[in-house]
Amino acid sequence: MYLILLGPPGAGKGTQAASLSKELRAAHVASGDLFRQAQKQGTPLGLQAKAYMERGELVPDELTVRMVLERLEAPDCSGGVILDGFPRTLEQARALDQALGASGKNIDAVLYIKVSEDELVRRLGGRWLCRDCQTPYQTISSPPKVAGVCDSCGGELYQRPDDSRETVRTRLRVYEERTAPLIAYYIDLNKLIEIDGEQGIEEVRSEMLSALKSGVRAR
Ligand code: ADP
Ligand code: ADP
Ligand code: ZN
């Protein structure tokens, strides 16, 4: 199964992808995590992506597509994949369709997580992530049991530099311009499922699972 989680920064893609990947036994592939990992390792890809990420802009399609398609070749992806944060442009979506098509695969569904801008800003302002396993926490809605420590692995929690107020504003604008057009793209392909992302984490999860089971498509 190939699933895409589509939605603005802070919508809950990472949170839901982590639990869906366990439930559906599919690999969780997050383009942002891959870039951050490359940066930590100091690879050429990491260095090239750094400045774009710091500014809240998109990394160029060519680099991004190459990185993600390479990741999809890994053995753990053969049983299914949950894509989180990719594709983010029409060019990326077309490149993905083409690559999957060439190997006789295709996207099963796109879960579009809809959340208002006020709520996104609130969520990102209080987002903390585990340095080791990338689990996201939120100061108000889903705090860790012990401040600064990951519940699942004991790792150290940190705040992403691009979650600063000003960079969040840029990321939301970039989302509207470059990524929101993917909603229409996947409606045309009859793959879009709209999910109310304003609900609690558990409610969003169960709406996703029941939509996937019944194969409901939005509009
Ligand atoms: P968010 O939590 O906002 O959804 P991500 O962790 O997915 O953020 O992405 C962080 C940053 O990494 C983006 O602002 C962008 O610079 C870069 N990035 C991640 N995925 C992509 C992509 N598919 N295309 C281009 N840039 C990307
Ligand atoms: P994305 O990957 O789409 O950028 P995250 O999954 O990292 O989003 O979620 C953004 C922040 O909001 C995190 O701090 C997370 O703990 C929190 N969060 C995620 N889903 C919800 C929800 N349904 N209600 C409230 N807070 C949420
Ligand atoms: Zn952890």
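Colleague: Which spacing do the donors of the zinc ion (ligand 3) follow along the chain?

Modeller: The donors of the zinc ion (ligand 3) are spaced as C-x2-C-x16-C-x2-C along the chain. Donors are N, O and S atoms within 2.8 Å of the metal (3.2 Å for Na, K and Ca); water is not among the atoms, so sites may look incomplete. In this predicted model, local features need pLDDT of at least 70 and side-chain atom pairs pLDDT 80 or more, while totals for chains, interfaces and linings use all residues. Residues are numbered from 1 along each chain as its sequence is written, chains are lettered from A and ligands numbered from 1 in the order written, and side-chain values use heavy atoms, without hydrogens and water.

Colleague: Which residues coordinate the zinc ion (ligand 3), and what is the geometry of its site?

Modeller: Cys130, Cys133, Cys150 and Cys153 each coordinate the ion through SG, at 2.3 to 2.4 Å. The angles among the four donor atoms run from 98 to 116°, and the site is tetrahedral (four donors with all angles between 85 and 135 degrees). Cys130 lies in strand E5 (residues 127-130) and Cys153 in the loop between strand E6 (136-138) and strand E7 (157-158), so this pair ties together parts that are 23 residues apart in sequence. Helices (H or I, at least four residues) and strands (E, at least two) are DSSP runs, numbered from the N terminus.

Colleague: Where is Arg171 found, and which side chain does its own side chain meet in a polar contact?

Modeller: Arg171 is found in helix H7 (residues 165-179) and is buried, with a relative accessible area of 10%. Its side chain makes a polar contact of 2.9 Å with the side chain of Asp163. A polar contact is a pair of N or O atoms within 3.5 Å; within protein, one must be able to donate a hydrogen and the other to accept it, and residues adjacent in sequence count only if both atoms are side-chain atoms.

Colleague: How many residues surround ligand 2?

Modeller: The shell of ligand 2 holds 18 residues, the closest being Gly10, Thr15, Arg127, Tyr137 and Gln199. Helix H1 (13-24) and E6 each supply at least two residues of this shell. A polar side-chain atom of Thr15 lies 2.6 Å from an oxygen atom of ligand 2, and a polar backbone atom of Gln199 is 2.8 Å from a nitrogen atom of ligand 2. Of the 560 Å² of accessible area that ligand 2 has on its own, the protein covers 93%.

Terms used: Four donors count as tetrahedral if all angles lie between 85 and 135 degrees; four count as square planar and six as octahedral if opposite donors are over 155 degrees apart and all others between 65 and 115; anything else is irregular. Buried means under 20% relative accessible area, exposed over 50%, partly exposed in between (1.4 Å probe, protein chains only). A residue is near a molecule or strand if one of its heavy atoms lies within 4 Å of it. Accessible areas come from the Shrake-Rupley method with a 1.4 Å probe; for residues, only the protein chains shown count as cover.
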